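Work through these exercises with the model open. Each task is followed by a stepwise solution.

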Amino acid sequence: MTHYAKLTSPDSQMSEQSAAGLAFRKLQGRDWPRIMQVQQLTYPDALLESQPALQAKQAVSPDTCFVVDVQGQVEGYLLALPYQLGKSPSLNDDRDMAAIFDNLHIHDFCLSPACRGQGMGRRIIQGLLSSPVLNRFRTASVVSVMNSRYFWESFGFSDYCNPCTPNLSSYGQEASYLSLDLS
């Protein structure tokens with residue numbers, strides 16, 4: 001039996017955003033082909049994950065995994081799962097990761113190139129972080145890659161200072177583990 005900190009969908013304001021045909025909805029099975037395309041358009045080969053690896057992360061907490069739907073086309077996705085603070089799942093890890101933790105780890109947030117630079121990512125993360133569903137978590141964490149550190153810091157994420165900082169070698173040289181106190 002899979003155990004996870006169950007979350008409901010983000011608040012209705014977030015999930016019903018309709019400006020420019022934007023919707024933020026739960027990830028569905030039919031979304032995977034486009035998710036894999038968006039990932040391919042966004043990341044260098046060293047950061048690409050297999051579909052089974054991404055699906056394993058979604059299986060831990062399907063209620064915290066979403067797609068960005070723009071006029072009926074998936075243009076981004078967010079995979080978040082309860083995971084131990086100070087640790088991060090390795091890229092391409094498709095093992096069962098089911099567990100209950102009070103930290104929400106944002107494993108992957110990706111927007112297609114066509115959707116960048118429009119404030120869409122900022123609105124999505126602001127909506128997620130202000131959603132009452134996060135009341136079940138004490139902290140949030142993320143691994144910053146590809147010069148995204150400033151983006152995450154703008155929401156209050158900062159370096160996680162602990163001697164047990166995770167091994168981020170699979171994420172590339174400039175990766176850093178950031179956390180945010182939600183209490």
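## Exercise 1: the largest pocket

The model is predicted.

Task: sort the lining of the largest pocket by residue class, and state which elements supply it.

Solution. 
1. Classes first. The lining of the largest pocket holds 16 nonpolar, nine polar and four charged residues.
2. Next, the volume. Of its 29 lining residues, Phe109, Cys110, Leu111, Arg116 and Ser148 are the closest to the centre.
3. Now the elements. At least two lining residues each come from helix 2 (32-42), strand 4 (103-111), helix 4 (120-130), strand 5 (139-144) and helix 5 (149-153).
4. Strand 4 gives the largest share, six residues.

## Exercise 2: helix 3

Task: which residues of helix 3 are buried, and what do they pack against?

Solution. 
1. Helix 3 spans residues 51-60. Its buried residues are Ala53, Leu54, Ala56, Lys57, Gln58 and Val60.
2. Look for their partners. These buried residues pack against helix 2, strand 2 (65-70), strand 3 (73-82) and strand 4.

## Exercise 3: cysteines

Task: how many disulfides does the whole structure contain, and are cysteine 110 and cysteine 115 buried or exposed?

Solution. 
1. The search of the whole structure returns zero disulfides.
2. Buried means under 20% relative accessible area.
3. Cysteine 110 has 1% relative accessibility, so it is buried. Cysteine 115 has a relative accessible area of 6%, so it is buried.

## Exercise 4: salt bridges

Task: how many salt bridges are there, and which parts does the pair of lysine 26 and aspartate 63 tie together?

Solution. 
1. The count is eight salt bridges.
2. Lysine 26 and aspartate 63 form a salt bridge, at 2.8 Å from N to O. Lysine 26 is in strand 1 (residues 22-26) and aspartate 63 is in the loop between helix 3 and strand 2, so the pair ties together parts 37 residues apart in sequence.
3. Lysine 26 is partly exposed at 33% relative accessible area, whereas aspartate 63 is buried at 7%.

## Exercise 5: arginine 149

Task: which residues form salt bridges with arginine 149?

Solution. 
1. Glutamate 153 is one partner, with closest N and O atoms 2.8 Å apart. Both residues lie in helix 5, four residues apart, about one turn of the helix.
2. Aspartate 159 is another partner, with closest N and O atoms 2.6 Å apart. Aspartate 159 lies in strand 6 (residues 158-159) and arginine 149 in helix 5, so this pair links parts 10 residues apart in sequence.
3. Arginine 149 is partly exposed at 26%, glutamate 153 is partly exposed at 35%, and aspartate 159 is partly exposed at 40%.

How values were computed:
Residues are numbered from 1 along each chain as its sequence is written. This is a predicted model: local features need pLDDT of at least 70, side-chain atom pairs count only at pLDDT 80 or more; totals for chains, interfaces and linings use all residues. Side-chain values use heavy atoms; hydrogens and water are left out. On a 1 Å grid over the protein atoms alone, a cavity is a set of points where a 1.4 Å probe fits but cannot get out, and a pocket is an open set with protein on both sides within 12 Å along at least five of seven lines; lining residues have an atom within 4 Å of a point. Ala, Val, Leu, Ile, Met, Phe, Trp, Tyr, Cys and Pro count as nonpolar, Asp, Glu, Lys and Arg as charged, and the others, Gly among them, as polar. Buried means under 20% relative accessible area, exposed over 50%, partly exposed in between (1.4 Å probe, protein chains only). Contact means heavy atoms within 4.5 Å. A disulfide is a pair of cysteine sulfur atoms within 2.5 Å. A salt bridge is a side-chain nitrogen of Lys or Arg within 4 Å of a carboxyl oxygen of Asp or Glu.
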